[in-house]
Amino acid sequence: MDLAIETHGLVKTFGDNRAVDGVDLAIRAGGVYGVLGPNGAGKTTTIKMLATLLVPDGGTATVLGHDVVREAPDVRARVAMTGQFASLDEDLTGLENLVLLARLYGYGKAAAKERGMQLLEAFDLAESAKKQVKAYSGGMRRRIDIAGSIVVRPDLMFLDEPTTGLDPRSRNQVWEIVRGLVGAGTTILLTTQYLEEADQLADRIAVIDHGRVIAEGTSGELKASVGSGAVRVRVADPGDREEVARLLAETLAAEPVLEPDGTTVTLRVDDPTAVAGALQRVGDRGLRVNEYSLGQPSLDEVFLALTGRPAEESATETQDQEVPA
Amino acid sequence: MTTETREPTRSLDASVIAALGAAERPPRANAVSSSLTFGWRALLKIKHVPEQLFDVTMFPILFTLMFTYVFGGAISGSTGDYLQYALPGILTQTVVFITMYTGLTINTDIDKGVFDRFRSLPVWRASLLVGALLGDTLRYGLASFMVLVVGVLIGYRAPGGFLGVILAVLLLLVFCFSLSWLWLIVGLKVRSPNAVMGTSMMVLFPLTFISSVFAPPETMPGWLQAFVDVNPVTLLCEAARGLMDDAPDSGDILIVLVLSAVITAVFAPIALRLYNTK
């Protein structure tokens, strides 16, 4: 198997805080690998070690076959990074930034400029070539950041929370770019706090919490690990809910959850085909149901099942614990 | 299957694939070229943010005028005599003071995330630091020029002539280049650009004032003289003064050069180590 990234027991501590606490990853080349977790879970620290910006305190990591400590220059030559921590010079114009990077990658003067313009056009930024990057909008900013990372085509690219704080349109543009990069053969390691983003883009996902990988697999596998799906039923009369919940629980052999809205009951189901029969029984008793749905569990639910708390909640709880730069 | 409807945008992925496909890998940039490229960046930053030159142009002018006219008469009996004594000192003080911007620049880069981008590149890692120092050298040169122009306008004449002045400035540049490594360490260690300013000021104020820059040490109490005599800024100032006064002291000059070499030898490896492990 051709592994782009392999880590064993990777550890990084900042004082008493074990930001990364024994991470094992085996990431195949090609496609998008998602690292999902709330703020402060250790995602960025992990990436920084893989990108040779931080030296691990324990464990080993190889990137594209090179040890990140002993063969750091070989790693650097083949990976690129972008995101919250690897940005561009805001005082310089978009073109100047790209020319600067191209020069550092070894392009000659004229070739660097040509490459810079080519990238600006590809990312729909040609009109802002001569504007200082600090004048760019959030979406433009993220695009130029990514453009800066592909001045020389990387074999592996780290994208750290590429869509945090973007409006939906800019987010879609970033997603398109990611798909384009993958189409061109670049492996992408993407960190995100957004479950939807991981679901949309990633082929496989590792869920990280408190510096540890707590689950790994395809989006489908992760969902399956918490049951194949959930059925939601909304009753017309709140007074009927207890009775409906009891009936459904009996038929489906599942624990009913009464939602705080007073009219909805949710149950995890392993066999979706049984749901129709269960609803039939509810109808036969003359209990009226306004609405029902059967769906795969969302990654939010996966996160809840894995950590015992919702992703959003833990994200706000640990907001201030973002790793030091 | 997603059948999400999106606003019609130009499809980015196709153009990105096209742009990627064209990216050939050029030969790696060598250490000289990457250092010069970072130096070019420093020039671009000066071009885009010319305000940053305000400090290095206005302070020298203010210092020269203030010290000459406020303290000159009291210290030397006449402003003209004082100017002859103090100008090489003010020149030294000005340039030494500006060295702290080196730390400030690197710290701002870390703060903004540009630093990590550069560190992730396959280039000789010290070239960011060397390039920054090249840019700083321009600032030192500019500040020296301002002090000298103002000095000459208000009556300073260098007995050492043009050559003496040029040699004095070069000596200052050598020393400041070595001192910059210290500020790089501060810039890499300290948390915010403001803290860099604070730390540097704490060191630079006593270092430049408790020296022979503004007043002859003979008038100071003995315990203070003891510090002044070993203060590197005094040594630097005396060497520069000797060159500008047409009384070059090869001993002083040699000490400054050796000192610069020692400072570089001690601090450059520490700065580079911090830079690598940051």
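Okay, some housekeeping. Residues count from 1 along each chain as its sequence is written, and chains are lettered from A in the order in which they are written. Since the model is predicted, local features need pLDDT of at least 70 and side-chain atom pairs count only at pLDDT 80 or more, while totals for chains, interfaces and linings use all residues; side-chain values use heavy atoms, with hydrogens and water left out.

Let's start with chain B. Its secondary structure is 12 helices and zero strands; helices here are DSSP runs of H or I with at least four residues, and strands are runs of E with at least two, numbered from the N terminus. The C-alpha atoms of chain B fill a box of roughly 90 × 35 × 35 Å along the principal axes.

The unreviewed UniProt entry annotates "transmembrane region" at residues 53-76, 82-106, 127-156, 162-184, 196-215 and 253-275 of chain B. Bear in mind that such annotations may be inferred rather than shown by experiment. Take residues 53-76 of chain B: that span is 100% helix, and its end C-alpha atoms are 32 Å apart. Residues 253-275 of chain B are also 100% helix, with 31 Å between the end C-alpha atoms.

Now chain A. An automatic or database assignment divides it into domain 1 (3-91 + 132-223) and domain 2 (227-296). The C-alpha centres of those two domains of chain A lie 40 Å apart.

So where do the chains meet? Here 58 residues of chain A are in contact with 46 residues of chain B, contact being heavy atoms within 4.5 Å. Together the chains bury about 4700 Å², with 56% of it on carbon and sulfur atoms; that's accessible area (1.4 Å probe) lost on putting the two parts together, summed over both. On the chain A side, R76(A), L104(A) and E176(A) lose the most area to chain B, together 15% of what that side buries.

There are six salt bridges between chain A and chain B, meaning a side-chain nitrogen of Lys or Arg within 4 Å of a carboxyl oxygen of Asp or Glu. D116(B) forms a salt bridge with K48(A), and the closest N and O atoms are 3.2 Å apart. Several elements of chain A each supply at least two residues to the side touching chain B, among them α2 (72-78), β6 (79-83) and α3 (94-104). The top contributor on that side is α6(A), with nine residues.

Last stop: over all chains, the structure holds 28 salt bridges. One of them pairs D57(A) with K12(A), at 3.6 Å from N to O. D57(A) sits in the loop between α1 (43-50) and β4 (58-63) of chain A, and K12(A) in strand β1 (residues 3-14), so this pair ties together parts that are 45 residues apart in sequence.
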